Amino acid sequence: MEIETINFFIPPFPDWGIVCRVFPLGPGRIRFFHDIMAPPEAMAQPDLQEKVAIADKFFSDVNEEDVRICTTVQRCLESRYARRGSLGRLEGWRDTIATLRCGVARRLTM
């Protein structure tokens, strides 16, 4: 079975969620999109724009923190002292997780 690379993730929350999509543009560059999901009745709430702004700021803050962490890790990996290591017990889960992500992607795009 060939496993495709799926470049998205969906962090769910109790009454809303976010769909994040990542598209590689080249070495060290990506294009990142995120969409907020909410039930239709949320559109009628008077404080909807305020809630969207809070969610957007929260997600932007988390994303900026992730970028700083990933940038630091990438710099370390470019070091002449960096060596490839094993993920140990987690390494066997890579194919299982990829298969799950492909299944979710197929269901979402049906």
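Guide: A helix here is a DSSP run of H or I with at least four residues, and a strand is a run of E with at least two, both numbered from the N terminus. The model is predicted.

Visitor: What makes residues 48-77 a helix, and how does the span agree?

Guide: Helix 1 has 30 residues, and a helix needs at least four, so the run qualifies. At 1.5 Å a residue, helix 1 should span 44 Å, and its end C-alpha atoms are 43 Å apart, so the two values agree.

Visitor: Which residues of helix 1 are called buried, and why?

Guide: They include Leu48, Ala55 and Phe59. Buried means under 20% relative accessible area, so each of these residues falls under that cut-off.

Visitor: What covers the buried residues of helix 1?

Guide: The cover includes strand 1 (8-9), strand 2 (17-26) and strand 3 (29-37).

Visitor: Which elements line the largest pocket?

Guide: Strand 2, strand 3 and helix 1 each give at least two residues to the lining, and helix 1 gives the most, with ten. The pocket has a volume of about 540 Å³. Of its 18 lining residues, Ile30, Asp66, Val67, Cys70 and Thr71 lie nearest the centre.

Visitor: What makes Cys70 a lining residue of the largest pocket?

Guide: A lining residue has an atom within 4 Å of a point of the pocket. Cys70 is in the lining, so Cys70 has such an atom.

Visitor: How is the lining of the largest pocket divided by class?

Guide: The lining has nine nonpolar, five polar and four charged residues.

Definitions and conventions
Residues numbered from 1 in each chain as written. Predicted model: local features only at pLDDT ≥ 70, side-chain atom pairs only at ≥ 80, totals over all residues. Heavy atoms only, no water. Expected span 1.5 Å × (residues − 1). Buried < 20%, exposed > 50% of the residue type's maximum accessible area, 1.4 Å probe, protein only. Contact = heavy atoms within 4.5 Å. 1 Å grid on protein atoms, 1.4 Å probe; cavity = no way out; pocket = protein on both sides within 12 Å on 5 of 7 lines; lining within 4 Å. Points joined across faces, edges and corners; volume = space filled by probe spheres on them. Nonpolar A, V, L, I, M, F, W, Y, C, P; charged D, E, K, R; others polar.
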